[in-house]
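Dear colleague,

I am passing on the structure below, followed by notes on what was found in it. Please keep it open beside the text as you read.

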Amino acid sequence: SPTGRSFVAVAPGAILVFSLADDATFAPFDVDEAVTPKAALDALHRRDPGKALVMALQLADDALATTVLANVLPADLDLVLKALPPARAPALLRLLADRLEHDKDLEFYLRWALTTLRLHGDALRDDAAALRALNRVLLTHSRSLLSILDDNDFALDFLANRPQPPLHPGGAASSGESLI
């Protein structure tokens, strides 16, 4: 790597990944020479987002997977996730939790998370870490939304219960006052 903190050794029948970082997530299982970032982008351009997503998750490339997610049409969400192998669902859920935490497009990633849970719930049942990550992010968003809701409720209550200026017989407010 450019930092000198990791390197890869390739031997006949094996790929060895060495890293000083604790968060190294590359797992070359089921990866062959055809699975590359370029191949994933090519699959995306050929309108095969399911294949592109699987490749991005196999490579553990979050930026590439996020690009793939952004290019999936909402109508194709079920189809793409049905093509996802159940073994890749935990990695996708962790990515979605991260995107929910750091991205502003809450509804978009919530749709992905809900559909992933609906279609791959059985595969996710045994991955408590992915479920906890998603739960933590959802609780954070819930708290912030409840705070906004309380503020809006208070403001609406205030506006609804404020005294109205008296009306004169002609239906107009007294001089110097205006109706809002």
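**Salt bridges**

Aspartate 103, with a relative accessibility of 27%, counts as partly exposed, where buried means under 20% relative accessible area, exposed means over 50%, and partly exposed lies in between (1.4 Å probe, protein chains only). Before going further, please note that this is a predicted model, in which local features need pLDDT of at least 70 and side-chain atom pairs count only at pLDDT 80 or more, while totals for chains, interfaces and linings use all residues. Residues are numbered from 1 along each chain as its sequence is written, and side-chain values use heavy atoms, with hydrogens and water left out.

The side chain of aspartate 103 meets that of arginine 99 in a salt bridge at 3.7 Å, N to O, a salt bridge being a side-chain nitrogen of Lys or Arg within 4 Å of a carboxyl oxygen of Asp or Glu. Arginine 99 is buried, at a relative accessible area of 18%, and a network of salt bridges links Asp98, Arg99 and Asp103. By this rule the count comes to eight salt bridges.

Another of these joins the side chains of aspartate 78 and arginine 118 at 2.8 Å, N to O. This pair links distant parts of the chain, since aspartate 78 is in helix H4 (residues 77–82) and arginine 118 is in helix H6 (residues 106–124), 40 residues apart; helices (H or I, at least four residues) and strands (E, at least two) are DSSP runs, numbered from the N terminus. Aspartate 78 is partly exposed at 30%, whereas arginine 118 is exposed at 52%. Aspartate 42 and lysine 38 also form a salt bridge, at 3.0 Å, N to O, and, being four residues apart in helix H1, they are separated by about one helical turn.

**Overall layout and the hairpin**

The protein has seven helices and two strands, which run β-β-α-α-α-α-α-α-α from the N terminus on, and buried residues make up 27% of its 180 residues.

Strand E1 (residues 6–11) lies largely in the open, because the number buried among its six residues is zero. E1 and strand E2 (residues 14–19) run antiparallel and are joined by six bridges, two strands being paired if DSSP finds at least two bridges between them; phenylalanine 7 has phenylalanine 18 in E2 as its bridge partner. The two strands form a hairpin with two residues between them, and glycine 13 in the turn has a positive phi of about 85°.

**Surface patches**

Val8, Val10, Ile15 and Val17 make a nonpolar surface patch of about 350 Å², to which E1 and E2 each supply at least two residues. Patches are made of residues with over 30% relative accessible area and no salt bridge, with like charges joined within 9 Å and nonpolar side chains (Val, Leu, Ile, Met, Phe, Trp, Tyr) within 5 Å.

**Two loop residues**

Arginine 47, in the loop between helix H1 (37–45) and helix H2 (49–58), has a positive phi near 65° although it is a residue other than glycine. Alanine 60, in the loop between H2 and helix H3 (62–70), likewise has a positive phi, of about 55°, without being a glycine.

With best wishes

Methods
Accessible areas come from the Shrake-Rupley method with a 1.4 Å probe; for residues, only the protein chains shown count as cover.
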